[in-house]
Amino acid sequence: MAEPGYRAVSRHDSRSLAGYKHAGHAMLYAAEPGKLFGKIPLRFAVLMQMRFDGKIGFPGGFMDPRDGSLEEGLNRELCEELGCDSKVLRIVEADYASSHATEALPQKVVAHFYTKRISLEELRKVEACSMQAKDHGREVLGVIRVPLYTLRDGFGGLPAFLTNTFIGNAKEQLVEALRKLRLLNEAELRAAVTASRVG
């Protein structure tokens, strides 16, 4: 699924697009056995962040021409935004999920997206480290968890979260990742997306 103005491109083909800047972002997630109020299963903890512009997105950023690879650039950005060194968190090519190109922004961009499952303990370390990160309080206002449940009113939880303003195609990346990784079943995901449009 691609946001209007974004088109899917292969990782390989994206490298030959002339005049495009490359950005990499990662969805970090972990199994979460806890329950909200002792009743509502949390299932997974999925991290996103509140950006400087008030929009929600995934950690990451633009690649530098000096970066040896997409993953090297993404790991540099994650270090700056989350404050974690490679012993705590390292994205590798096997974590790659998709690439989308757009000319709809002030500059031509290819957005590369990665997903990485880590342990809940590692995810909590990432959350703790992010408070000390170089970009905390400036480019990144804080990390947040995505609520992967819908409350009894049919709107609270994921549907309400999806009504936020997301940067670029981050909302579509989130929904597609939840689907592909089966963090929610298809019926729940469709219902949440539909409720977010109505709410």
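**Exercise 1. Find what share of the contacts in the protein between residues at least 6 apart in sequence join residues at least 24 apart, then describe the overall fold.**

Solution. Start with the contacts: among those between residues at least 6 apart in sequence, 66% join residues at least 24 apart. Keep in mind that you are working with a predicted model.

Next, list the elements. The protein has six helices and eight strands. Read from the N terminus, their order is β-α-β-β-β-β-α-β-β-α-β-α-α-α.

Then check the overall dimensions. The C-alpha atoms fill a box of roughly 50 × 35 × 30 Å along the principal axes. For 199 residues, a compact globule would have a radius of gyration near 16 Å, and the 17 Å of the protein agrees with that.

Finish with the surface. The protein exposes about 10300 Å², and carbon and sulfur atoms supply 53% of this area. Of the 199 residues, 46% count as buried.

**Exercise 2. Work out which residues touch the most other members of the largest nonpolar core, and which elements supply it.**

Solution. The largest nonpolar core has 24 residues, and M27, V46, M48, L158, L174 and L178 touch the most other members. The element that gives the most is α5, with five residues.

Now zoom in on L174. Leaving aside neighbours within four places in sequence, L174 is in contact with M27, V46, M48, F58, V146, F161 and L162.

Apart from it lies another core, of 18 residues, including A45, L78, L123 and V126.

**Exercise 3. Classify the aromatic pair of F161 and F166, and decide whether each of the two residues is buried or exposed.**

Solution. A search of the whole structure turns up four aromatic pairs. One of them joins F161 and F166, with 5.7 Å between the centres and 75° between the planes. Planes over 60 degrees apart count as edge-to-face, so the pair of F161 and F166 is edge-to-face.

For burial, the cut-off is under 20% relative accessible area. F161 has 8% and is therefore buried. F166 has 10%, so F166 is buried as well. Recall that F161 is also one of the contacts of L174.

**Exercise 4. Find which rings R11 and K21 lie over, and give the distances from the ring centres.**

Solution. Take R11 to begin with: R11 lies over the face of Y96, at 5.4 Å from the ring centre. Then turn to K21, which lies over the face of F62 at 4.4 Å from the ring centre.

**Exercise 5. Locate R51, decide whether R51 is buried or exposed, and list its contacts.**

Solution. R51 is in strand β3. Its relative accessibility is 18%, so R51 counts as buried. Not counting residues up to four places away in sequence, R51 touches I56, G57, E139, L141 and I167. For a check on sequence separation, compare R51 with G142: the two are 91 residues apart along the chain, yet their C-alpha atoms are separated by 7.5 Å.

Conventions. Residues are numbered from 1 along each chain as its sequence is written. This is a predicted model: local features need pLDDT of at least 70, side-chain atom pairs count only at pLDDT 80 or more; totals for chains, interfaces and linings use all residues. Side-chain values use heavy atoms; hydrogens and water are left out. Rings of Phe, Tyr and Trp (its six-membered ring) pair if their centres lie within 6.5 Å; planes under 30 degrees apart count as stacked, over 60 as edge-to-face and the rest as tilted. Buried means under 20% relative accessible area, exposed over 50%, partly exposed in between (1.4 Å probe, protein chains only). A charge sits over a ring if NZ of Lys or CZ of Arg is within 6 Å of the ring centre and within 35 degrees of the ring normal. A nonpolar core is a set of buried Ala, Val, Leu, Ile, Met, Phe, Trp, Tyr and Cys residues joined through side-chain atoms within 4.5 Å. Helices (H or I, at least four residues) and strands (E, at least two) are DSSP runs, numbered from the N terminus. Contact means heavy atoms within 4.5 Å. The radius of gyration is taken over C-alpha atoms; the globule rule is 2.2 Å times the number of residues to the power 0.38. Accessible areas come from the Shrake-Rupley method with a 1.4 Å probe; for residues, only the protein chains shown count as cover.
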